Amino acid sequence: MTYEELLDLARRLEGRRLETVTGKGFTVGIALNCPFFTPESSGYGQSDGRKAAERFVERYNATGSLRPGDYADVTRNASYFIGMLMAAND
């Protein structure tokens, strides 16, 4: 997966209710050519920025892991990125 493919996925999923691996709802959007996530629990959008998203893609390509804890050192939004990947496979 490339960063551009991750952005394309975020565009396709924009506006849909998605879920993390633990079942928490969120939505994804794009701002400044970077995905951002809005958890239902808070309603506030959040993003780590493009560099963190690129590091997520790099780690995902290396490991294929769908466990958020495996990305704890690269982004705090791993559960949302993984939720996007799971939605793409539905």
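Visitor: Is Ile82 buried or exposed?

Guide: Buried means under 20% relative accessible area. Ile82 has 0% relative accessibility, so Ile82 counts as buried. Keep in mind that this is a predicted model.

Visitor: Where is Ile82 found, and what is Ile82 in contact with?

Guide: Ile82 is found in helix H3, residues 78–88. For contacts, set aside the neighbours within four places in sequence. Ile82 then touches Val21, Phe56, Leu66, Arg67, Pro68 and Tyr71.

Visitor: What separates the C-alpha atoms of Ile82 and Arg50?

Guide: Those two C-alpha atoms are 16 Å apart. Along the chain, Ile82 and Arg50 are 32 residues apart.

Visitor: Now a loop. Is Ser65 buried or exposed?

Guide: Use the cut-off again: under 20% is buried. Ser65 has a relative accessible area of 12%, so Ser65 is buried. Its place is in the loop between helix H2 (50–63) and H3.

Visitor: What lies 3.1 Å from a polar atom of the Ser65 side chain?

Guide: The backbone nitrogen of Arg67 does. Ser65 also has contacts beyond four places in sequence: Tyr60, Asp70 and Tyr71.

Visitor: Next, helices. Which residues of H2 are buried?

Guide: Ask which way each residue faces. In H2, Ala52, Ala53, Phe56 and Val57 are buried. They cover an arc of only 145° around the axis, which puts them on the same side of H2. On the other side, Lys51, Glu58 and Ala62 are exposed.

Visitor: What covers the buried residues of H2?

Guide: The cover includes helix H1 (3–13) and H3.

Visitor: How many residues does H2 have, and what distance does H2 reach?

Guide: H2 has 14 residues. From first C-alpha to last, H2 reaches 20 Å, close to the 20 Å expected at 1.5 Å a residue. Just after H2, Gly64 takes a positive phi of about 70°.

Visitor: How do I read the strands? How many bridges join E2 to E3?

Guide: Look for bridges, then for direction. Six bridges join E2 to E3, and these strands run antiparallel. Two bridges join strand E1 (residues 18–19) to E2, also antiparallel.

Visitor: Which residues are bridge partners of Phe26?

Guide: Leu18 has Phe26 as its partner in E2. In E3, the partner of Phe26 is Pro39.

Visitor: What is in the turns of the hairpins?

Guide: Count the residues between the strands, then check phi. The E1 and E2 hairpin has five residues between its strands, and Gly23 in the turn has a positive phi of about 90°. The E2 and E3 hairpin has two, and Leu32 takes a positive phi near 55°.

Visitor: Last, the rings. How many aromatic pairs are there in the whole structure?

Guide: A search finds seven. Ring planes over 60 degrees apart count as edge-to-face. The rings of Phe26 and Phe37 have centres 6.0 Å apart and planes at 70°, so this pair is edge-to-face. Phe26 is in strand E2 (residues 25–31) and Phe37 in strand E3 (residues 34–39), eleven residues apart. Both are buried.

Visitor: Why is the pair of Phe37 and Phe81 edge-to-face?

Guide: Its planes are at 85°, with the ring centres 5.0 Å apart, so the pair is edge-to-face. Phe37 lies in E3 and Phe81 in H3, so the pair ties together parts 44 residues apart in sequence. Phe81 is buried, at 3% relative accessibility.

Visitor: Which residues form the aromatic cluster?

Guide: Phe26, Phe37, Phe56, Tyr60, Tyr71, Tyr80 and Phe81 form one cluster.

Key. Residues are numbered from 1 along each chain as its sequence is written. This is a predicted model: local features need pLDDT of at least 70, side-chain atom pairs count only at pLDDT 80 or more; totals for chains, interfaces and linings use all residues. Side-chain values use heavy atoms; hydrogens and water are left out. Helices (H or I, at least four residues) and strands (E, at least two) are DSSP runs, numbered from the N terminus. Buried means under 20% relative accessible area, exposed over 50%, partly exposed in between (1.4 Å probe, protein chains only). Contact means heavy atoms within 4.5 Å. A polar contact is a pair of N or O atoms within 3.5 Å; within protein, one must be able to donate a hydrogen and the other to accept it, and residues adjacent in sequence count only if both atoms are side-chain atoms. Rings of Phe, Tyr and Trp (its six-membered ring) pair if their centres lie within 6.5 Å; planes under 30 degrees apart count as stacked, over 60 as edge-to-face and the rest as tilted. The expected span of a helix is 1.5 Å times one less than its number of residues. The arc is that of the directions from the helix axis to the C-beta atoms. Two strands pair if DSSP finds at least two bridges between them.
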